[in-house]
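Please look over the sequence and the structure shown here before reading on. The paragraphs after it go from a whole chain down to single contacts.

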Amino acid sequence: MTFKSAICAATALTLVAGSAALADTITIATVNNGDMIRMQGYTDDFTAKTGHTVEWVTLEENVLRQRVTTDISTKGGAFDIMTIGMYETPIWGSNGWLVALDDLSAEYDAADILPAMAGGLSHNGTLYAAPFYGESSMIMYRTDLMEKAGLEMPEAPSWSFIAKAARAMTDRDNGINGICLRGKAGWGEGGAFITAMSNSFGARWFDEDWNAQFDRREWSDTLNFFVNMMSDSGPAGYATNGFNENLSLFQQGKCGMWIDATVAASFVTNPNDSTVADKVGFALAPDNGMGVRSNWLWAWALAIPAGTKNESAAKQFIEWATSKDYIELVAANEGWANVPPGARTSLYENANYKDVPFAKMTLDSILSADPNNSTVDPSPYVGIQFAAIPEFAGIATEVSQEFSAVYAGQQSVEAALKKAQALTNDAMEAAGYR
Amino acid sequence: MARAVSNRRRLINTLLAWSIGLLIFFPILWTVLTSFKPEGQAIADPPMFLFFDWTLENYFVVQERSNYMRYLMNSIIISGGSTLLGILIAVPAAWSMAFVPSKRTKDILMWMLSTKMLPAVGVLYPIYLLFIQLGLLDSRLGLVIVIMLINLPIIIWMLYTYFKEIPTAILEAARMDGASLRSEILYVLTPMAIPGIASTILLNIILAWNEAFWTLNLTAAKAGPLTAFIASYSSPEGLFFAKLSAASTMAIAPILILGWFSQKQLVRGLTFGAVK
């Protein structure tokens, strides 16, 4: 070997070693939702572009919450990216637990993120998590059953219309329930639905001094309306029905209407899974004439825990996964109906996406949700189906258990509200809010 | 002399035993059946028992999405390692309690059992912080230690029960013949207690295999066993029951086969000392 070729070989080896040193392996904790699983399948595209490899930790939503909360609060460093929601992001951002995403590249076009999503994932105006997909809630209904009932669904119906339509569509002999709603205990299950619904009835969780408001007429109206409507037109055992149970009922043609997450629209219109795929219409979540609708706002977003050793690679991944290019990649391979919805304004300006039947109603629902003004009377908290304070998850889980006991016929509305009032005030006092 | 049993009584007993057996086995059977259904038919109402479109697609999807062999190896190492380590500690502990008891032996045994009554989540943060400090997070060694500690009271209790059945005179004879303590435990006590030790090992492997709190909370991408594999297919926002069932079947199959082949030892172990 000549001296010259030896120098060349040494230089090449140094370059290879250098590039290998720049390539990191990042660990991402995520949920087992369709869009997230799809993203895992495209990881090779990210690796090809950046050289970084990815290790996935996929967990059920509630397990994931417990897992990532333990890790971030102890600075465990087990994950470089965490999939979190709108509830955790502002709280963890204010605790200094997350890396601010305020230096994303110009090509990423952070201004394109839907304002409602960016607002819900920020603290004091700083973005702490990038939305992978976002959702609101809306009405999904059977167009054939609505027609058979001699009714026409308005684009923005009221609760009284929904109750009337539910009764008209109910056909117990043929196993059709007029309406299917969440009754399952849990702050993210039935608790989320009833809280969003209560906003449209003028109720709120707390007044401006953090006093619980379950002793007010608005909460009693909400709960009584819900229970009466579900007794008349809901499925048997609705006290234990959550998203999946209602999805299953709707897909099998056993629900006239279902009010739930906008992401469900792609499931109920998928002919491979749904027996009613070609008979589904969409409308805004109902209101009660008080200026607030009953739809929620949520995003599954990617955030970087402070102290991670792979911050740069993690940011590159977030830019890739929540970019316009990623949406194009999925659309090219799996069609526009399967791209992650509800995160970017440009998606809804795309002519191809406008053909997707639920695209417009999803956007309208997201735009009509305002986490900063979610209640008729002023409230001290941010959030629609939750209050963005650390204590909320624990309190709301207990409250939703009391409500589920009402749905199961185990106690009265009055008894449940009385218990909810007492336990909420006790918890808020213990936490130093009152 | 065996008691005479009428044919009618025998038939009733057989039917009753089969009914109870099927009732207990039904959830596993249903999981296995569901794993061969398309997602749409997995949630059909009324449920489809045998007449559905049989498919292996769920197994292919699970195999493609997850590194099953890595999870399986982790499960084998963690459950095997923790049981082995537990036995090494428990044999001398049970020996001392069974053959040289002190005034406090009963209290110590009860105290050990009482640690099983503490909800695991109550010590999650201290253990997690210790793991961070010791660099044991997401490591198989860390899980081997934690799961061994969790199951140690049960191992000691089971071995203690077996050892109590062994006549002290045999051990005394060995001592009189000049056996050291080590020889007494290794060459006299252990061979006599082999059936008991075997059933203890089997039961603890099953317990460690199925442990789903610490294995989910102390692992990330590297050390997760089959419990983490199953958890990755559970979703509250999406109907993936057939895939979840396929993942569950793949996770329980090895331990089910082990249990099937060793059921004699397991039954013997669980009922040892129950009838005198």
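What follows describes a predicted model, beginning with chain A and ending with a helix pair in chain B.

Chain A contains 19 helices and ten strands. Its C-alpha trace extends over about 90 × 55 × 35 Å along the principal axes. Of the 434 residues in chain A, 51% are buried. The contacts in chain A can also be sorted by separation in sequence: among those between residues at least 6 apart, 74% join residues at least 24 apart.

Gly202(A) gives a local view of this chain. The residue sits in the loop that runs between helix H9 (190–200) and helix H10 (217–233) of chain A. Is Gly202(A) buried or exposed? The cut-off for a buried residue is 20 or more other C-beta atoms within 10 Å. Gly202(A) has 20 such atoms within 10 Å and is therefore buried. Once its neighbours within four places in sequence are set aside, Gly202(A) is in contact with Glu218(A), Met290(A), Val376(A) and Asp377(A). A further distance can be read from Ala285(A), which is 83 residues from Gly202(A) along the chain; their C-alpha atoms are 15 Å apart.

Next comes the contact of the two chains. Chain B contributes 25 residues and chain A contributes 25 residues. On the side of chain B that touches chain A, helix H2 (39–42), helix H6 (124–134) and helix H11 (214–217) of chain B each provide at least two residues. H6(B) has the largest share of that side, with five residues. By residue type, the side of chain B that touches chain A comprises 15 nonpolar, six polar and four charged residues.

The last stop is a helix pair within chain B. Helix H5 (residues 105–114) and helix H7 (residues 140–165) of chain B pack with their axes 9 Å apart, at an angle of about 140°. Because of that angle, H5(B) is oblique to H7(B). The two helices, H5(B) and H7(B), cross in a left-handed sense. Which residues make the contact? From H5(B) they are Leu109(B), Met112(B) and Leu113(B), and from H7(B) they are Pro153(B), Ile156(B), Trp157(B) and Tyr160(B). The residues of this contact of H5(B) with H7(B) are seven nonpolar, no polar and no charged.

Definitions and conventions
Residues numbered from 1 in each chain as written. Chains lettered and ligands numbered in written order. Predicted model: local features only at pLDDT ≥ 70, side-chain atom pairs only at ≥ 80, totals over all residues. Axes fitted to C-alpha atoms, helices over the stretch in contact; angles between N-to-C directions. Helix = DSSP H or I, 4+ residues; strand = E, 2+ residues; numbered from the N terminus. Parallel < 35°, antiparallel > 145°, perpendicular 65-115°, else oblique. Left-handed = near helix turned anticlockwise from the far one by under 90°. Contact = placed C-beta atoms within 7 Å. Nonpolar A, V, L, I, M, F, W, Y, C, P; charged D, E, K, R; others polar. Buried ≥ 20, exposed ≤ 12 C-beta atoms within 10 Å, placed from the backbone.
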